[in-house]
Amino acid sequence: MASAQYAVFLGCIVDTPVMGQLRVRANGALGVDRSTGRIIGVAEQSGLSSAELISVWVGQTVDSEAVESISLTTDQFLMPGLIDTHTHAPQFAFLGIGHDLPLMDWLNKYTFKHESEFKDADLARRFYKDVIARVVRNGVTFAAYYGTIHLESNRVLAQTIRQIGQRAYVGKVCMDTNSPAYYSESTEDSLRDTEEFIRQVIGDDETQQRLVTPIITPRFVPTCSHECLEGLGALAEKYQLPVQSHLCENPSEIEFAKSCFPDSPSYAHIYHKYGLLNSRTIMAHCVHLSDSEIALMRESKASVSHCPNSNFSLGSGIADIRRFIDEGIPVGLGTDVGGGYTPSILDAMRMAAAANRALIAFRRDSGGDQPTSSSKEKPLEAAEALFLATQGGARVMGMDDQLGSLDTNKLFDAIVVDMNVLNSPVPSVDATPAVRDADSPDEAWRLRLEQFVFLADDRNISRVYVGGKLIHSV
């Protein structure tokens with residue numbers, strides 16, 4: 001029945017359309033029109049057949065042969081796909097290596113060396129297929145990827161993502177100064193190849209629902225000249241494209257950036273000067289933003305990709321995402337492979353919670369200034385982490401009206417989670433009295449979702465859908 005135009009999922013449906021508010025429809029029904037890839041209706045099951053539900057939702061009689069019913073088990077639930085707002089595809093080449101080094105040393109010892117190898121497009125063809133498949137297995141339906149400086153290898157990356165069926169932003173990395181001779185480009189080449197990459201990606205995918213979108217990608221301020229940043233800002237405006245880069249990740253990086261642009265009042269102001277800080281901008285890390293930079297991020301409507309695994313692994317620090325959220329700055333989660341050692345957004349959720357708790361403990365124990373807002377003292381809950389990984393990520397990517405929750409008319413980017421797989425890291429309900437003996441079904445599911453956030457891994461990702469199409473199953 002996979003050829004049927006419509007699909008109806010029957011079972012538990014979970015999402016977090018609002019920060020901190022877990023919505024559980026334990027006996028839900030969700031309809032998808034596969035021809036558009038969109039959700040056409042969501043309701044509690046009422047005794048109507050799947051064909052009858054579809055008929056109600058589309059406003060005309062639909063034959064049962066045009067409808068596939070997909071029943072979930074009591075150990076499964078349907079939820080929005082996970083969104084990785086910051087990762088580096090070529091850095092899977094040294095995943096889990098070099099975490100004893102600070103950022104700048106790590107870049108010079110591992111990153112530039114291994115990224116430079118992608119001048120060989122055949123390497124990209126062999127390598128990226130496994131990378132994207134691994135990311136998808138982790139339930140990531142939408143990701144913002146950094147490539148390398150190489151035009152053809154970036155084209156291969158975009159093609160590979162499209163062939164697998166994932167949704168993605170893909171950026172040709174730009175670095176024309178303060179870079180190793182073996183891994184650098186002229187300003188002219190950087191801007192020309194960026195525009196050519198934009199044209200290729202857009203031209204390769206002219207469908208109404210484009211899966212892969214180019215994203216303007218200055219690596220970070222220290223490796224981009226004035227002329228390069230200016231040109232990239234112009235391209236972002238010309239094509240109305242998103243922008244991604246790194247900001248205030250590490251103290252030595254901040255000093256380096258300021259030394260490159262000594263007339264700028266701050267690191268963030270450099271991006272702003274060149275038209276690279278706006279509502280389409282995703283800035284990774286933001287660990288050490290000053291008050292004025294936070295104000296500029298808010299006024300510019302730029303977003304933060306919170307990468308707690310990388311921030312811990314490279315010793316960069318702890319980003320105060322509670323403050324960002326209180327200030328109205330959109331926040332999503334990023335794995336930042338290979339600064340982070342796993343492509344799991346589930347890990348990013350757990351690490352975000354741990355980072356938040358560590359910051360609260362530090363404030364408590366340091367004897368310094370205490371937070372003025374009670375929300376800053378509130379530990380990050382599982383439902384909030386789930387929001388950051390779904391609806392929050394969709395907002396960061398500028399697609400929260402299209403993705404991130406399971407609502408009518410949104411694109412069906414979703415995953416089926418199975419808590420009862422072989423060797424599941426999540427214990428059964430019978431082995432968890434707190435769940436088994438919960439006061440209500442809703443409370444039981446709330447506790448079960450907390451277990452999912454803190455215990456599950458890729459083994460529990462049973463199926464992955466993007467735009468209504470099944471792209472991974474086990």
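Axes are taken here as lines fitted to C-alpha atoms, for helices over the stretch in contact, with angles running from 0 to 180 degrees between N-to-C directions. On this basis, in the predicted model, the axes of helix H13 (residues 382-389) and helix H16 (residues 441-455) come within 9 Å and cross at roughly 60 degrees. Because angles of 65 to 115 degrees count as roughly perpendicular and those under 35 degrees as roughly parallel, H13 is oblique to H16. The crossing of these two helices is left-handed. On the H13 side, the contact involves Ala382, Ala385 and Leu386. These residues meet Leu449, Glu450, Phe452, Val453 and Phe454 in H16.

An open sheet is formed by four strands in the order S6-S7-S8-S10, with parallel pairing. Strand S6 (82-88) and strand S10 (212-214) are the edge strands, each pairing on one side only. From one strand to the next, the twist averages 15 degrees. S6 is joined to strand S7 (residues 140-146) by five bridges, and the two strands run parallel. Within this pairing, Ile83 stands opposite Phe142 in S7. Helix H4 (residues 151-164) lies across S7, strand S8 (167-171) and S10. The direction of H4 is at about 180 degrees to that of S8, and angles over 145 degrees count as roughly antiparallel.

A further parallel pairing is found between strand S13 (residues 281-285) and strand S14, which are joined by three bridges. Met283 has Val304 in S14 as its bridge partner. Strand S14 (residues 303-306) is covered on both faces. Ser303 and Ser305 lie on one side of the strand, Val304 and His306 lie on the other, and all four are buried.

Conventions. Residues numbered from 1 in each chain as written. Predicted model: local features only at pLDDT ≥ 70, side-chain atom pairs only at ≥ 80, totals over all residues. Heavy atoms only, no water. Pairing = 2+ DSSP bridges. Contact = heavy atoms within 4.5 Å. Left-handed = near helix turned anticlockwise from the far one by under 90°. Buried < 20%, exposed > 50% of the residue type's maximum accessible area, 1.4 Å probe, protein only.
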